[in-house]
Amino acid sequence: MNNKHILNILGIMTLVWVTMLIGLVIIWKFIVPLSYPSNSYLITFLISTFKVGVSGILAFIWLYLWNKLVKTYFWKTLRGNRDNE
Amino acid sequence: MVSFSDVIYAVLGFTVSFVVTFILVPLLIRKFKEKGIVGTDIHKSEKPEIPEMGGLSILISTIIAGILLSALYRELANIFIVFLIVVVAVGIIGAIDDIRPLNPKLKPILTALAGLPIILLGTYVPRPVLPIIGKTRLTIVYPLLILASFAVSTNAVNMLDIFNGAMAGTCGILFLALLIASIILGSEAGLILSAIMLGSLIAFYYYNKYPAKIFSGDVGSLAVGAAIAATAIIGRLEIITIVAMMPHIMNGFHSLASIGGLLERRQIKARPTKILSDGRLVANEDPKAPITLARLILAGGPLYEYEIVKVLFLLSAYSGLLAIITALIIAWGL
């Protein structure tokens with residue numbers, strides 16, 4: 001069994017966990033508390049949409065980078081193994 | 001805070017579900033062999049026929065333990081009933097899928113709808129507790145997240161039910177992590193529901209481990225996935241469950257991302273793994289094959305089926321540990 005490879009997968013999981021926590025903190029500490037400058041329905045709606053939109057974009061970026069990291073690592077490892085054979 | 005009586009009920013739930021599953025599986029093996037309800041073990045070179053739909057034992061033991069506990073623990077009776085309704089509903093969807101495969105796009109919709117009883121009967125608190133942040137408020141979004149969580153959890157567990165013992169083992173480890181997290185966070189419902197599922201899964205694993213004597217089928221994997229989602233919501237262990245489910249989520253997410261959508265197993269042309277002449281499995285180099293967790297593990301070199309399952313258990317144990325650390329961060333208010 002390739003222990004280094006297993007450790008690398010555990011490393012990816014740790015990175016995903018840490019970045020998830022950081023992402024949650026960014027969303028809940030900086031984006032969610034954004035205040036509404038007026039009580040107007042339109043302003044409230046626009047700022048709420050902005051909060052959801054920015055949080056969604058952050059989550060999407062996180063998922064994209066996670067997928068990219070795994071894909072890149074997978075093909076690099078597979079090719080590396082083939083070259084060694 | 002979890003009381004001594006909660007622990008007693010958890011031990012009772014664990015014991016009942018363990019014993020019922022342990023007795024029931026040999027009977028199901030005999031019955032399914034007679035009726036020809038069998039599936040091919042595709043990761044063995046000799047391709048043996050193994051009885052399928054063994055997950056019925058998990059479903060039945062959960063029902064018996066749930067009904068017994070709802071009669072004994074009146075304060076949590078409605079929670080046990082809702083839990084049983086959703087798990088049985090998803091189990092029925094799984095049984096139908098075992099008998100006649102459902103459309104891959106319809107299955108997530110049906111499993112998502114199975115979360116409706118939780119919303120309609122109000123057995124949820126739309127204030128998930130997050131690490132570092134604390135209590136949050138998601139009044140409007142939370143019901144939608146409940147439906148999404150059922151679709152994700154059921155199908156993620158189903159997608160990892162590919163090797164002998166993989167589903168029962170990884171989900172058993174997951175429920176053990178949820179049980180410990182429930183004690184840390186004082187979730188009575190989380191503790192008892194996790195104990196019921198843990199008992200059932202350990203007994204089922206005994207028969208399902210390599211070389212498997214029975215498969216769980218979709219009736220088992222979808223029902224266990226629903227039990228995970230229901231425990232997370234009812235037990236208020238949402239973020240902890242997401243962390244504990246990381247191997248399942250990784251498997252499902254990267255598979256779907258690499259093939260570009262929901263497809264039935266039979267529709268995927270390139271298999272993620274291949275069998276070598278010595279019985280070991282190797283990652284398929286075809287770029288069209290989905291990047292499953294097994295294929296990712298096998299990128300490091302060929303392994304026997306039982307070795308891959310060991311790695312899956314290691315990854316589950318590690319994500320369980322991260323989940324417990326997450327629970328500790330919440331409990332300490334960091």
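I started with the secondary structure of chain A: two helices and zero strands. Helices here are DSSP runs of H or I with at least four residues, strands are E runs of at least two, and both are numbered from the N terminus.

Housekeeping: this is a predicted model, where local features need pLDDT of at least 70, side-chain atom pairs count only at pLDDT 80 or more, and totals for chains, interfaces and linings use all residues. Residues are numbered from 1 along each chain as its sequence is written, chains are lettered from A and ligands numbered from 1 in the order written, and side-chain values use heavy atoms, with hydrogens and water left out.

Next, overall shape. The C-alpha trace of chain A spans about 70 × 20 × 10 Å along its principal axes. I got a radius of gyration of 20 Å for chain A, while a compact globule of 85 residues would have one near 12 Å. That radius is taken over C-alpha atoms, and the globule rule is 2.2 Å times the number of residues to the power 0.38.

I also checked burial: 32% of the 85 residues in chain A are buried (under 20% relative accessible area, 1.4 Å probe, protein chains only).

Then I zoomed in on A:His5, which sits in helix H1 (residues 3–31). Is A:His5 buried or exposed? It is buried, with a relative accessible area of 2%. Leaving out residues up to four places away in sequence, A:His5 touches A:Tyr73 and A:Thr77, plus B:Leu296, B:Ile297, B:Ala299 and B:Gly300; touching means heavy atoms within 4.5 Å. I noted that the A:His5 side chain reaches the backbone oxygen of B:Leu296 at 2.8 Å.

Technical notes:
Buried < 20%, exposed > 50% of the residue type's maximum accessible area, 1.4 Å probe, protein only. Polar contact = N/O pair within 3.5 Å; in protein donor to acceptor, adjacent residues only side chain to side chain.
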